Amino acid sequence: MSFIQRVIPNFTIRRVAHTAAILGSIALLAALIVYLSESALTTPVFVLLVIGLGGLSIWLVLAPDELRDWLMGRQVYYGIGSFILTLIVIAIATVGYSLAVEQNVIIDLTETQNYTISQPSINVLENIENRLRVLSAQAESAGIESDLHFRLVGFYTREQLRDQKSAEFLLRQYVEASTAGLRLEFYDPDVNPLLARQFGYSVIFDNTQITSGPIFLALYDGDQLLTVENIGEPTERNVQNAMLRISLAGEFKVYFIQGQLEADITIESDVGYSAAALILRERGILVDTLRLQDVEAIPEDATAIVILGAQAPYSQAQVDKIADYIERGGRMLVLADPPYADSRDSTLPNRFMLEGDSFNTYLWETFGVRFRENLVADPASSARNEFILTGLRVNTGSPPLRDFQNVPMVMTLARSLDIVEQPTEKQAEYVRSIMILAATSAFGERNLQVVDLGNLSEFDPNVDDAGDQVLATAIYRVNELEQEVQPRIILIGDSDWLANLYISPEDGSDGVLGNILLWANIAEWLTGYADLAEIDVASRPDLLPLYATSKELSRIQFITLFILPSIVLLVGGVVWVVRQRI
């Protein structure tokens, strides 16, 4: 001891005890803060607890008389009651908060019920549950046993438990408001990767992460998953929009035109187009085929028609039926491949949409857009030849492509579109919105009957089409929302991009994500599906994002369980010191 005192003159046992007590108290405080922020007994929390308890133990061992004198003192004698009551209040608040979080107890004390799902959300919930009852009744009348029900399904990893709690705060309210047994389930995608993939939880394409989820609305029959609707982040708007889309299922019908050597939507191989039809059905859009030769007019229940890679020209009578349908407010998608160069049957050259035929003439005279007789080539393409177009330029300002994600897209053997520069009075009634252009290095090869798809194509300024090569264009009425009749048309100079090879390949791979998203956007815009299945939040202030991030929850928890009790203790300590001096 004398040696230590000579080296450290101010050294005393009592000073060591005080230092240990201070360090121990600080360590315990730090342990509490770290625990509240991480919501788990992690290694740093454990180490701080050991240091804190060790420091206080040293103080008790080296200076036991201080604890005894403090407990027997006059201030403690009179203040012990207040101190105990303070601890009881803090304990009750802490336990109550923990139980409320654990049991998802929700009490909205705001006058306007800001943190309760709105009445429109409850109405939409009732709509899908009424639809569920109709489906159940239909199954029962057909003698089919069913256990139809909806589930809200979320995918969160162990590291996202706080986010899961935030989502549960909102979603639990839908479960409580349900009258048809809406269920709420959460899964760890790392533990259940097959289920996560079944829901389409995450898609990875060329190291680009495009996520869907983490919340989904699913229709089950017993334990069999029937259909899934992506909700996305857990906000009231997203949940309500997903429920609206479910409730609209069956309200739309798309006819694929047949009769002129169009592509087949029933073939499931890579050269077929069955995946495109399946995507529509998954959204609740009805799909059927139609031969124009067999009907006097396109049916009234046709939300939209699709002309998919026809190879033979349309007659004037067929064009007249299409024109009549458009005049009635019909919607149409035309996917036209380059003539001659892209033929499905070598004995029957593709002659669809030649520059002088009746269909192309109708498009030009009415809407100011027509298909060119060319084959777009891009010498700078990153693919194996210049006729496989990559580096496509997407106009996200075009209505069908708003919010379109910047992901890779591929078109193979495409033709470009010609757009009028000085529209006539009739053409001026429509907006021509360019959707997709080829890369700036591309040009339009005009020698289609002699082009060699296996060799490089050279640009001939005297023959070939120079400048921007427009591959897709949307057409709609000027001031569309003010018009009683609202036709919509999309023209694309390629049909191969929609084949199963790019949407759902036979080998089970994910396909080309840009092509998948393009088809989804086109289908939703043409049918008006997206317009009806979206809530305009700007005009609906009652739809609040009832969602808190893990940082926000940690901040709330830290304030309620640490800051506020600390303020109480601090005020009590100040009062104690003041009274001691008096």
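**Exercise 1. State which residue lies over the face of Trp364, and at what distance from the ring centre.**

Solution. In this predicted model, Arg370 lies over the face of Trp364, at 3.8 Å from the ring centre. Another arginine is placed over a ring as well: the charged end of Arg151 sits over Tyr220, 3.7 Å from the centre of that ring.

**Exercise 2. Classify the aromatic pair of Phe155 and Tyr201, and say which parts of the chain the pair ties together.**

Solution. 
1. A search of the whole structure finds 13 aromatic pairs.
2. For Phe155 and Tyr201 the centres are 5.5 Å apart, with 40° between the planes. Planes under 30 degrees apart count as stacked and over 60 as edge-to-face, so this pair is tilted.
3. Phe155 belongs to strand β1 (residues 148-155) and Tyr201 to the loop between α8 (193-198) and β3 (202-205), so the pair ties together parts that are 46 residues apart in sequence.
4. Both Phe155 and Tyr201 are buried.
5. Ring pairs also link these two with Tyr187, Phe199 and Phe216 into a cluster.

**Exercise 3. Describe the largest cavity by volume, lining and residue class.**

Solution. 
1. The structure holds one cavity of 30 Å³ or more, and the volume of the largest cavity is about 50 Å³.
2. Its lining includes Val254, Leu280, Leu333 and Trp519.
3. The largest share, five residues, comes from α14.
4. By class, the lining has nine nonpolar residues, one polar and no charged ones.

Key:
Residues are numbered from 1 along each chain as its sequence is written. This is a predicted model: local features need pLDDT of at least 70, side-chain atom pairs count only at pLDDT 80 or more; totals for chains, interfaces and linings use all residues. Side-chain values use heavy atoms; hydrogens and water are left out. Rings of Phe, Tyr and Trp (its six-membered ring) pair if their centres lie within 6.5 Å; planes under 30 degrees apart count as stacked, over 60 as edge-to-face and the rest as tilted. Helices (H or I, at least four residues) and strands (E, at least two) are DSSP runs, numbered from the N terminus. Buried means under 20% relative accessible area, exposed over 50%, partly exposed in between (1.4 Å probe, protein chains only). A charge sits over a ring if NZ of Lys or CZ of Arg is within 6 Å of the ring centre and within 35 degrees of the ring normal. On a 1 Å grid over the protein atoms alone, a cavity is a set of points where a 1.4 Å probe fits but cannot get out, and a pocket is an open set with protein on both sides within 12 Å along at least five of seven lines; lining residues have an atom within 4 Å of a point. Grid points are joined across faces, edges and corners, and a volume is the space filled by probe spheres set on the points. Ala, Val, Leu, Ile, Met, Phe, Trp, Tyr, Cys and Pro count as nonpolar, Asp, Glu, Lys and Arg as charged, and the others, Gly among them, as polar.
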